[in-house]
Amino acid sequence: MTQLPASHAAAIDVAVASLRAGELVIFPTETVYGLGADARDDRAVAKVYAAKGRPQFNPLIVHVADLAAARAIAVFSPAALAVAERFWPGPLTLVLPRRPDSGVSLLATAGLETVAVRVPDHPVAQALLRAFGGPLVAPSANPSGRISPTSAAHAADGLPDIALVLDGGPCAVGLESTIIGFAGDRPVLLRPGGLSRDALETVAGPLERSAPSGRPSAPGQLASHYAPRARLRLNAAAPLPHEAFLNFGPNAAASANPTLNLSPSGDVIEAAANLFAYLRALDSSRASVIAVASIPHHGLGEAINDRLARAAAPRDEAPA
Ligand code: TXA
Ligand code: MG
């Protein structure tokens, strides 16, 4: 595996050459690191599923450089256009009807009539998409069911067989994008994420929350996802003697055990950016249980609590 600082002059060229050859490249976005492949190349897309050990019914997000490129792939209603114009580039994915002439691999959308698209807000992702000149599928660069990577080292650690990692430093948002779909003109929240409900609702109006069902029409919906090795105990006031502690806010529950505070000042944005890295760090301590302080539900707290609930879910349903 080669890890190239994305600032390296040749980094983008090397990555583009790999992608054109049907290879996979790990690259940074503002949310988490993505495992990128040419979205039009069935074989490359198949390699993504294989590398992640991902169940094939879980479709991928197509990343493009701008709204114009997104409109070549998906059909935008006026409601969809309004949110795209306001929030792209940014941590928002739209699930929209797939254009018949989109050119996107059917494997990438897992046979659905819809396609998930997003325009990432990261200079390296943007440079890569523009130099590549086409759409890239990019699921989070982790084995299926594990914690999403927010640094190049985390990504390389989970997927050591990927030949090239572009290192763009830690991800500013730290949580995957918010995913919305539309029922007619009404927006439906499919996955809470890096763009808060409050921000979205100022443009989109009230968001319905989709009910998770058997087949994940709106995935990340597998009950156990984002799974650390340790068990999680949520809404803990303080850790028990054998537990590591993931704290939040200015409460100084002292412990001799490994402890990290997502945000000593109680800022949910800072907590989101730290969440996956801190879960990983505590997971690599020897504790078999991580106690997690309660996190307020406002702003990005909704997405943080969604990820924590999945990380705490029983494992027998874990996909891989
Ligand atoms: O922030 C992100 O979104 C990151 C970065 C790398 O961009 N990507 C990411 O991708 O989280 P992934 O593959 O880990 O999650 C994509 C989610 C899955 O839960 C998938 O099921 C859902 O998007 N999805 C994709 N296409 C869909 C569709 N047509 N309808 C409903 N959900 C869809
Ligand atoms: Mg993922």
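Two strands are taken as paired if DSSP finds at least two bridges between them; helices (H or I, at least four residues) and strands (E, at least two) are DSSP runs, numbered from the N terminus. The model is predicted, so that local features need pLDDT of at least 70 and side-chain atom pairs count only at pLDDT 80 or more, while totals for chains, interfaces and linings use all residues. Residues are numbered from 1 along each chain as its sequence is written, chains are lettered from A and ligands numbered from 1 in the order in which they are written, and side-chain values use heavy atoms, with hydrogens and water left out.

Strand S3 (residues 34-38) pairs with strand S7 (residues 136-137) in the antiparallel sense over 2 bridges, and Ala37 has Val137 of S7 as its bridge partner. Strand S2 (residues 25-27) also runs antiparallel to S3, joined by 3 bridges, with Phe27 opposite Gly34. A hairpin is formed by S2 and S3, with 6 residues between them.

Because 5 of the 5 residues of S3 are buried, the strand is largely enclosed by the rest of the structure; buried denotes under 20% relative accessible area (1.4 Å probe, protein chains only). In a regular strand the side chains alternate between the two faces of the sheet. In S3, Gly34, Gly36 and Asp38 lie on one side and Leu35 and Ala37 on the other, and both faces are covered.

Leu262 lies in the loop between strand S14 (259-261) and helix H8 (268-283). Leu262 counts as buried because its relative accessibility is 0%. Beyond four places in sequence, its contacts (heavy atoms within 4.5 Å) include Leu246, Phe248, Tyr278 and Ile295. The C-alpha atoms of Leu262 and Phe248 are separated by 5.2 Å, the two residues being 14 residues apart along the chain.

Note on methods:
Buried means under 20% relative accessible area, exposed over 50%, partly exposed in between (1.4 Å probe, protein chains only).
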